[in-house]
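Please read them alongside the coordinates.

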Amino acid sequence: MHDFLRDLPKVELHLHIEGSLEPELMFALAQRNGIDLPYATVQEAKNAYLFSNLQEFLALYFQGMNVLRKEEDFYDLAMDYFKRARGEGVVHIDMHFDPQAHLQRGVPLDVVMSGLLKAKQVAAETLDLTIGLIMAFLRDRPAEEALHVLEQAAPYWKMLDAIGLDSAEQNNPPAKFVDLFNRAKQLGLVRVAHAGEEGPAEYINEALDILDVQRIDHGVRCLESDEVVARLRREQIVLTVCPLSNVSLKVVENLRDHPLPKLLAEGLKVTISSDDPAYFGGGMLSNHMACAEAFGWDKSVFRQLTFNAIDEAFVTNDRREELR
Ligand code: HPA
Ligand code: ZN
């Protein structure tokens, strides 16, 4: 099963590039930029990656990305993950990035964009790996700030595949961002949002109704509402489920209790992603292997999950045919 899952050409729809920052690279970039880290060693950093909820993770996630200062840091960050993912059989990644988290630290948008866009280009040319770009907005920051950043990003609008919504979900309902998502729609930008990870099933409905999103990131708590499940099935909305993330952030106690088999049994359009692989115990291959072990799925299940992701990925029609 390991070799089959490694060789299966996989498509990842839910990946925060800042969450792919491995401690080894964090140390290298800290040294390059003359930044002190709160950890003495790589092992000490890894030992700190124990979380009891999303908020605890986010604190270390924002702290870790503090080493990203220059264009080449963003390029190195992305290439480091792209190479690793390609080695695990990943052929396409829709990648979230968090501009506000960098602007807040005084890192200009042009620095972030030029580093990531260069990595995207080099990945296509040298790794046969295609990349979709999702500019994500932090839902625990003011809605006006998000709108301002979207306007500021005007030179890059045509390079974006979508906008997204991430960070602390509880008490930050989708409706808070209605103006942002309306503006994105007006600009012809596709929309996605995290919903139903730590927040209630109702947030999934809100994201679909009020933000008019095309896919739901996570969405596992949909099972708390028969009505939401029925809708997701009827409209065949893709859920980007991140099994090891859900275990790390205690959305579920352990993988055997994960609702993935139930989501599939309900006829939902499920896909598997890694979310923040440097923090949650591994990338696409680890997530697939963990599911094989926990749920005993056969090859046909993994093929179906991959078809679901190919259908939804931000790729050209030619590329989609190539992936099928
Ligand atoms: N959930 C919400 N926000 C995030 C996550 C996540 O899993 N990872 C990075 N930002
Ligand atoms: Zn996420």
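1. The UniProt annotation "binding site", from an unreviewed entry, covers H14, H16, H194 and D275. These residues span 262 residues in sequence, yet no two of their C-alpha atoms are more than 11.8 Å apart, so they gather at one spot. UniProt positions follow the numbering used here, feature names are shortened, and annotations may be inferred rather than shown by experiment.

2. This is a predicted model: local features need pLDDT of at least 70, side-chain atom pairs count only at pLDDT 80 or more, and totals for chains, interfaces and linings use all residues. Residues are numbered from 1 along each chain as its sequence is written, while chains are lettered from A and ligands numbered from 1 in the order in which they are written.

3. H14 lies in strand β1 (residues 10-16); strands (E, at least two residues) and helices (H or I, at least four) are DSSP runs numbered from the N terminus. H14 is buried because 30 other C-beta atoms lie within 10 Å (buried: 20 or more, with C-beta atoms placed from the backbone).

4. H194 belongs to strand β5 (residues 190-195). H194 counts as buried, with 29 C-beta neighbours inside 10 Å.

5. Leaving out residues up to four places away in sequence, H14 touches D217, T240, C242, S273 and D275 (contact: backbone-placed C-beta atoms within 7 Å). On the same terms, the contacts of H194 include D166, D217 and H218.

6. Eight strands form an open, parallel sheet in the order β1-β2-β3-β4-β5-β6-β7-β8 (pairing: at least two DSSP bridges between two strands). β1 and β8 (269-272) are the edge strands, each pairing on one side only.

Note on methods
Buried ≥ 20, exposed ≤ 12 C-beta atoms within 10 Å, placed from the backbone. Contact = placed C-beta atoms within 7 Å.
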